[in-house]
Protein chains: 2
Amino acid sequence: MKRLTILLIAICLSIMAVQAQGKKNVFHTLPIYGKYFDTPEQFHRVDTLRYGNMPKNVKNLYTNSAGMFVTFRSNTSELYARWCVTDRKVGLNLTAIANKGLDVYIKNEKGKWQYAGSKGTVKTCEETLVLENLDSKEKEFLVYLPLYDETKSLEIGIDEDASFQPLTNPFKRNIIIYGSSIVHGASASRPGMAYPAILSRRTGYNFINFGISGNARMEKEVVHMLADANPDMFILDCVPNSSPEQVTDRTSYIVTYLREKHPNTPIVMIPSVIRELSYFNQNWNKRNHLQNANWKAEYNKLIAKGIKALYYLDNSSLLGEDHEATTDGTHPNDLGFMRMVEQIEPFVLDVLKKHNIH
Amino acid sequence: MKRLTILLIAICLSIMAVQAQGKKNVFHTLPIYGKYFDTPEQFHRVDTLRYGNMPKNVKNLYTNSAGMFVTFRSNTSELYARWCVTDRKVGLNLTAIANKGLDVYIKNEKGKWQYAGSKGTVKTCEETLVLENLDSKEKEFLVYLPLYDETKSLEIGIDEDASFQPLTNPFKRNIIIYGSSIVHGASASRPGMAYPAILSRRTGYNFINFGISGNARMEKEVVHMLADANPDMFILDCVPNSSPEQVTDRTSYIVTYLREKHPNTPIVMIPSVIRELSYFNQNWNKRNHLQNANWKAEYNKLIAKGIKALYYLDNSSLLGEDHEATTDGTHPNDLGFMRMVEQIEPFVLDVLKKHNIH
């Protein structure tokens with residue numbers, strides 16, 4: 001009887017050991033996509049030394065990993081992530097998932113990227129299980145990086161015996177969106193809900209996040225940095241933090257400079273969302289309308305001057321009509337971002353078509 | 001010249017003093033609405049001493065102020081709030097606004113509650129400006145309390161010389177929604193986006209939040225507490241955290257007990273949302289479907305037994321079809337909550353109509 005017990009315990013232990021062994025993970029680093037420039041710091045959007053004369057806040061914000069992702073194929077049953085960010089606090093209008101976390105999409109049977117899971121953190125270095133109990137088919141994965149923090153490292157963990165193959169960027173062409181916190185991703189609930197990311201998944205084009213929270217005031221140094229890129233389209237969503245006077249003073253410069261350096265590249269101008277707080281805050285009400293009126297007036301002047309391939313999305317209800325689409329009166333929630341995409345997407349696709357960009 | 005300078009300084013100082021005086025605020029406490037029971041602790045949803053035999057977690061969660069609000073009329077130009085909560089950490093899938101903060105609605109000219117602003121905090125006691133630069137018309141305000149924390153106190157600050165009148169609850173009847181974290185409000189971006197709150201604003205009925213995160217497993221002690229209420233409708237959205245076996249074992253008890261104590265009160269059964277993670281997580285896939293299959297089977301048995309005024313919302317796409325409507329694979333983002341409301345609202349209104357409840 002005693003021998004039988006010992007035998008049973010031994011069998012159990014060896015089963016557990018095999019299971020434990022089966023649960024071992026291997027971690028991989030991967031190429032980073034969703035950014036335009038090669039940078040000395042892999043997770044920075046812009047080389048802040050090369051463009052050292054940009055405003056300090058702008059430089060800091062371009063070290064955030066907004067818009068970046070990794071992509072690979074695997075038949076793993078579990079997906080782990082190990083990543084490090086800074087010790088900065090989570091913003092009051094953000095989740096820890098959007099601010100410092102990750103979300104994962106899997107290409108489904110219809111060939112669409114389908115959301116699969118996400119994890120937030122308040123640690124500087126996190127290691128966590130993100131997905132589990134996946135079936136054994138090979139799948140394509142896409143993992144978005146933190147929107148509002150500087151990512152220091154990222155490794156993806158899979159089953160030790162699983163297949164693993166890094167993939168190339170699944171999104172074609174390059175469309176740069178220069179803008180404020182709204183482009184940057186506040187207040188998406190998770191990285192994949194920032195509006196450039198939704199646009200990429202829906203259209204297959206590579207919308208690149210040049211959003212910088214509290215900024216995007218069209219400073220010349222920033223304009224010169226943007227002009228060093230050579231994308232298939234520029235989208236300018238840079239009205240929200242520019243004063244009405246700055247809109248009047250600076251719009252002509254950014255558009256004519258980009259046009260001069262890129263004679264044929266379409267430029268799309270997007271007005272500021274109407275901040276929900278502005279329906280009651282009388283100062284913001286005036287300011288918000290004046291920002292957009294000046295933006296539109298500058299557009300008209302530029303068209304009158306003969307600037308070609310310049311487009312204006314004339315829409316004052318990007319957030320819909322029910323007033324529920326922000327987190328804090330300024331920043332779209334996921335409802336707001338989806339509504340923005342539903343109106344920006346057909347406009348942008350139409351411009352691409354006009355220019356025979358496929 | 002010197003005298004003139006002194007005179008000018010004196011004038012300036014007195015103008016500044018008047019302005020400073022004009023900026024003085026008076027703070028008010030107000031009756032708390034959006035809860036059903038009178039409780040010894042004003043900001044608790046349930047008297048946890050009276051219902052002391054409920055599970056400990058359930059009792060703790062019913063101390064959270066989810067669903068509560070204050071309402072008043074004022075012509076103030078600024079709105080301040082001063083409130084205290086606990087020192088618990090913000091959840092990783094929540095903003096500090098939803099978890100520990102406030103949002104404000106104002107009745108607009110069409111008589112609808114329109115979002116006006118919100119503030120989050122990570123402090124235990126916060127005092128902050130919430131709205132400013134309001135016009136001088138008298139307005140009706142509604143301020144929602146934190147979803148996921150125990151509120152300890154709340155005062156609303158207005159201009160010293162502004163009118164101020166507490167208002168009665170603008171929502172009629174009482175509809176109790178018993179459910180999980182999803183009812184509780186995860187992952188709404190702010191308190192007013194929890195789905196019971198959206199339903200109240202849209203319909204004018206008083207939907208009362210009995211959501212308890214990670215719970216709502218239909219324990220008998222909780223059923224007895226719910227049955228002590230006498231609402232116009234019970235909505236049961238308590239499948240997400242109940243195991244398939246618990247659904248089978250406990251559904252008959254909650255429905256028959258409520259029916260026995262309230263022979264004519266309509267009871268609406270809502271299936272669990274299909275967790276987005278369950279499309280890839282094979283264990284959750286089975287579990288999620290089994291939970292709902294068992295819930296529906298229990299409904300059919302209860303109807304066969306002759307239970308009257310029992311309704312089942314037969315809907316497996318409460319979150320829509322694009323798989324984008326959660327923050328973490330389980331908890332709806334604001335896009336998901338709006339989609340849930342769009343499907344629950346007409347169903348509930350139809351049941352109310354059938355029962356001549358106006």
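**First stop: a strand in chain A**

Select strand S2 (residues 69-74) of chain A and strand S7 (residues 139-144) of chain A: the two pair in the antiparallel sense over six bridges. Strands here are DSSP runs (E, at least two residues), numbered from the N terminus, as are helices (H or I, at least four); two strands pair if DSSP finds at least two bridges between them. Click A:Ser74 and look across to A:Lys139, its bridge partner in S7(A).

Five of the six residues of S2(A) are buried, so the strand is largely enclosed by the rest of the structure. Buried means under 20% relative accessible area (1.4 Å probe, protein chains only).

A word on the ground rules: this is a predicted model, with local features needing pLDDT of at least 70, side-chain atom pairs counting only at pLDDT 80 or more, and totals for chains, interfaces and linings using all residues. Residues are numbered from 1 along each chain as its sequence is written, chains are lettered from A and ligands numbered from 1 in the order in which they are written, and side-chain values use heavy atoms, leaving out hydrogens and water.

**Next: a helix in chain B**

Jump to helix H5 (residues 195-203) of chain B: eight of its nine residues are buried, so the helix is largely enclosed too. Among them are B:Tyr195, B:Ile198 and B:Arg201. Step on to B:Gly204, which follows H5(B) and has a positive phi, near 85°.

Note on methods. Buried < 20%, exposed > 50% of the residue type's maximum accessible area, 1.4 Å probe, protein only.
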